[in-house]
Amino acid sequence: MKIFVDDGSTNIKMKWVDAGGIEKTLSSPNSFKREWSVPFGSPVFNYVMNGAQFSFDPVTPDAVITTNIAWQYSDVNVVAVHHALLQTGIAPCEVDITVTLPLSEYYDRNNQPNTDAIERKQNSLMRPVTLNGGKTFTVTNVDVMPESIPAGFSILNDLDPLESLLIVDLGGTTLDISQVMGKMSGISRIFGDSTVGVSMMTTAVKDALRAARTPGSSYLADDIIIHRHDGNYIANRVNDTTRLPDIMSALKESEQLLTRRVLDVVSTFSGYSHVLVIGGGSEIIVDALRDHCNLRRERFYKSTTSQFDLVNGMFAIG
């Protein structure tokens, strides 16, 4: 069975075709602690990976940090992929998977495929994971694609070779930008930065929550970022509401900083005729990016399912 996996640092996104020929998608959040959870009522997912214990826990403030480039080759990355596979409803079996690497990892300083990093990613995901009291999947083959580029596949097929698409992919950990020629006839330029991502906001919000006597997971902080314009929603999740202005300030300031960092990089690109913005952070930057690029509105693309744009493109290509 073939499953396409965008294994981002915040969520694992998957796409596959089920036994009835129907296309399926899934998003599974990454929030794992280094110990087993206590079973009671609802299913508990306790894993052993490389001799260490992990369990899925969306609320713990002790969740393993995944918003760094080391995540790509880590034990918890393998656990997260297997956890997502178990959420598909497919009975554990042998699977081939296609995954991604950020542009800064997939390509070397000479803009050539980094075979060492690609092989390291493949070998990492071939390692077995054990589920306490259950079965897991067996990964028989791993293919690796670069992030961002596949997301523009359907748009690029309709462009002239003299036109180009700027794909801006803002994820939890990385900013990947690629300028791809129409009909996918070539790649004009790529850029990858593993220090720019929504994690810049996540860290600021977690610090503000801690000051408001509300320590929590990155998953909780990201949920607050999603609802950053809803003061009542945020107030319901904060213990010390007198610090609510500090939380709102942290949200606003970190959003402005992140947006400036993205636009500074975009400013170094030129000659593109169309723009596509994707990734979990696309909603944060889309308005500022649209104004900055100043293209005809029909040449600026932002789907309603930005988190799935990459895995949809991988699926279409694969």
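Mentor: Strands S2 and S3 form a hairpin with five residues between them, and Gly21 in the turn has a positive phi of about 80°. Helices (H or I, at least four residues) and strands (E, at least two) are DSSP runs, numbered from the N terminus. This is a predicted model, in which local features need pLDDT of at least 70 and side-chain atom pairs count only at pLDDT 80 or more, while totals for chains, interfaces and linings use all residues. Residues are numbered from 1 along each chain as its sequence is written, and side-chain values use heavy atoms, with hydrogens and water left out.

Trainee: In which sense do S2 and S3 pair, and over how many bridges?

Mentor: Strand S2 (residues 11–17) and strand S3 (residues 23–29) pair in the antiparallel sense, over seven bridges. Two strands pair if DSSP finds at least two bridges between them.

Trainee: What is the bridge partner of Lys13 in S3?

Mentor: The partner of Lys13 is Ser27. The side chain of Lys13 also meets that of Asp6 in a salt bridge (3.7 Å, N to O). A salt bridge is a side-chain nitrogen of Lys or Arg within 4 Å of a carboxyl oxygen of Asp or Glu.

Trainee: Is Lys13 buried or exposed?

Mentor: Lys13 is buried, with a relative accessible area of 7%, and Asp6 counts as buried at 7% relative accessibility. Buried means under 20% relative accessible area, exposed over 50%, and partly exposed in between (1.4 Å probe, protein chains only).

Trainee: How many salt bridges does the structure hold?

Mentor: The structure holds 13 salt bridges. One of them joins the side chains of Asp75 and Arg127 (2.7 Å, N to O). Asp75 lies in helix H1 and Arg127 in the loop between H3 and strand S8 (130–131), so this pair ties together parts that are 52 residues apart in sequence. Arg127 counts as partly exposed, at 24% relative accessibility.

Trainee: Which side chain does Glu283 meet in a salt bridge?

Mentor: Glu283 meets Lys302 (2.7 Å, N to O). This pair links distant parts of the chain, with Glu283 in helix H9 and Lys302 in the loop between S14 and helix H10 (309–317), 19 residues apart.

Trainee: Let us change topic. What is the order of the strands in the open sheet of five?

Mentor: The order is S12-S11-S10-S13-S14, with mixed pairing. Strand S12 (187–193) and strand S14 (300–301) stand at the edges, each with a single partner strand, so one side of each is left without a neighbour in the sheet.

Trainee: And how do S10 and S11 pair?

Mentor: S10 and S11 pair in the antiparallel sense over seven bridges, and they form a hairpin with four residues between them. Asp169 stands opposite Asp176 in S11, while the bridge partner of Asp176 in S12 is Gly192. Six bridges join strand S11 (residues 175–181) to S12, and these two run antiparallel.

Trainee: Why is S11 largely enclosed?

Mentor: Six of the seven residues of S11 are buried, so S11 is largely enclosed by the rest of the structure.

Trainee: How many residues are in the largest nonpolar core?

Mentor: The largest nonpolar core has 56 residues. A nonpolar core is a set of buried Ala, Val, Leu, Ile, Met, Phe, Trp, Tyr and Cys residues joined through side-chain atoms within 4.5 Å. The residues with the most contacts inside this core are Ile3, Val5, Ile12, Met14, Val81 and Ile97. Its largest share, eight residues, comes from helix H1 (residues 75–86). Apart from this core lies another, of 37 residues, including Val198, Leu258, Tyr272 and Cys293.

Trainee: Finally, how many disulfides are there?

Mentor: The count comes to zero disulfides, where a disulfide is a pair of cysteine sulfur atoms within 2.5 Å. Cys293 counts as buried at 10% relative accessibility, whereas Cys93 is partly exposed, with a relative accessible area of 28%.
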